Amino acid sequence: MRKDTKGFTLAELLIVVVIIAVLVAIGIPIFSNQLEKSRDAVSISSIRSAYAVAMSDMLTYNGYTGEDGNGTRQNYIPEENGRRIYVNHVGSKYYVSAVWVKVNIKSRKANDWSGLADNLPFILTDNNSATAPAKNLHGDMGKGFSKNKDAYVAFYFDSAGTGNLRYAYIFQTGKS
């Protein structure tokens, strides 16, 4: 006499669960890496936009006398829209020496921006010096970077007032 069985056996269900677990175990690291690459792309895009803003400000404010309405010379233009413009002078010639621009950093890991920083039109460093060697040539965020703080890119220009970018420095300050 034959029994009519409806449903699956325990062994069949366990095999299905194991197959699904293996697929998930393979998929999660791949998904995580792709997610971090997309965050890096957003971060590099923000840095490129900051570069465009800095170059625009440098062209706009080169020759700015640095004086307020009372004739007092200022070394910087007050921060506006997340950026600060520093103005220096050599004799009577005024030039923009630096522009700080607030950027949105989405990356969460200390990495090399997934190689995307290789194509920037400038060197992004992790220290504030044009001569000192950087530990990370691409401004690696490192362990000290926090998603809870504002990130800035400081673009430093030459002292001749020609607008040549010497280097860019990425750092964090303050809480957002």
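Author: Accessible areas here come from the Shrake-Rupley method with a 1.4 Å probe, and for residues only the protein chains shown count as cover. By that method the protein has an accessible surface of about 11,300 Å², and carbon and sulfur atoms account for 56% of it.

Reader: ok, and what kind of model is this?

Author: The model is predicted: local features need pLDDT of at least 70, side-chain atom pairs count only at pLDDT 80 or more, and totals for chains, interfaces and linings use all residues. Residues are numbered from 1 along each chain as its sequence is written, and side-chain values use heavy atoms, with hydrogens and water left out.

Reader: What does α1 reach from its first C-alpha to its last?

Author: It reaches 75 Å with 52 residues, close to the expected 76 Å. The expected span is 1.5 Å times one less than the number of residues in the helix. Glycine 63 follows α1 and has a positive phi, near 95°.

Reader: And which residues in α1 are buried?

Author: Glu36, Arg39, Asp40, Ser43, Ile44, Ser46, Ile47, Ala50, Ala54, Asp57 and Met58. Buried means under 20% relative accessible area, exposed means over 50%, and partly exposed is in between (1.4 Å probe, protein chains only). Across the 176 residues of the protein, 31% count as buried.

Reader: How many salt bridges in the whole structure?

Author: One. A salt bridge is a side-chain nitrogen of Lys or Arg within 4 Å of a carboxyl oxygen of Asp or Glu. The side chains in question belong to glutamate 36 and arginine 39, at 3.4 Å, N to O.

Reader: How are glutamate 36 and arginine 39 separated in helix α1?

Author: By about one helical turn, because they are three residues apart in that helix. Glutamate 36 has a relative accessible area of 6%, so it is buried. Arginine 39 is at 18%, so it counts as buried too.

Reader: Change of topic. Which residues touch the most other members of the largest nonpolar core?

Author: Ile47, Trp113, Leu124, Val153 and Phe155, out of 25 residues. Two or more residues of this core come from each of α1 (10-61), β2 (83-90), β3 (93-103), β5 (149-157) and β6 (165-175). A nonpolar core is a set of buried Ala, Val, Leu, Ile, Met, Phe, Trp, Tyr and Cys residues joined through side-chain atoms within 4.5 Å. Apart from this core lies another, of seven residues, including Ala154, Tyr156, Tyr167 and Tyr169.

Reader: Back to phenylalanine 155: what is it in contact with?

Author: Contact means heavy atoms within 4.5 Å. Leaving out neighbours within four places in sequence, the contacts of phenylalanine 155 include Ile47, Ala50, Tyr51 and Ala54, and also Ser97, Val101, Phe122 and Leu165.

Reader: And valine 101, where is its place?

Author: In strand β3. Valine 101 is at 7% relative accessibility, so it counts as buried.

Reader: Valine 53: buried or partly exposed?

Author: Partly exposed, because its relative accessibility is 29%. Valine 53 is in helix α1, and its C-alpha lies 8.8 Å from that of valine 99, 46 residues apart in sequence. Beyond four places in sequence, valine 53 touches Arg83 and Val101.

Reader: What does aspartate 57 touch?

Author: Asn62, Arg83, Ile85, Val96 and Val99, with residues up to four places away not counted. Aspartate 57 is at 5% relative accessibility, so it counts as buried.

Reader: Last one: which residues form a nonpolar patch on the surface?

Author: Val16, Ile20, Val24 and Ile28, with about 350 Å² of accessible area together. Isoleucine 20 is in helix α1. Patches are made of residues with over 30% relative accessible area and no salt bridge; like charges are joined within 9 Å, and nonpolar side chains (Val, Leu, Ile, Met, Phe, Trp, Tyr) within 5 Å.

Notes: Helix = DSSP H or I, 4+ residues; strand = E, 2+ residues; numbered from the N terminus.
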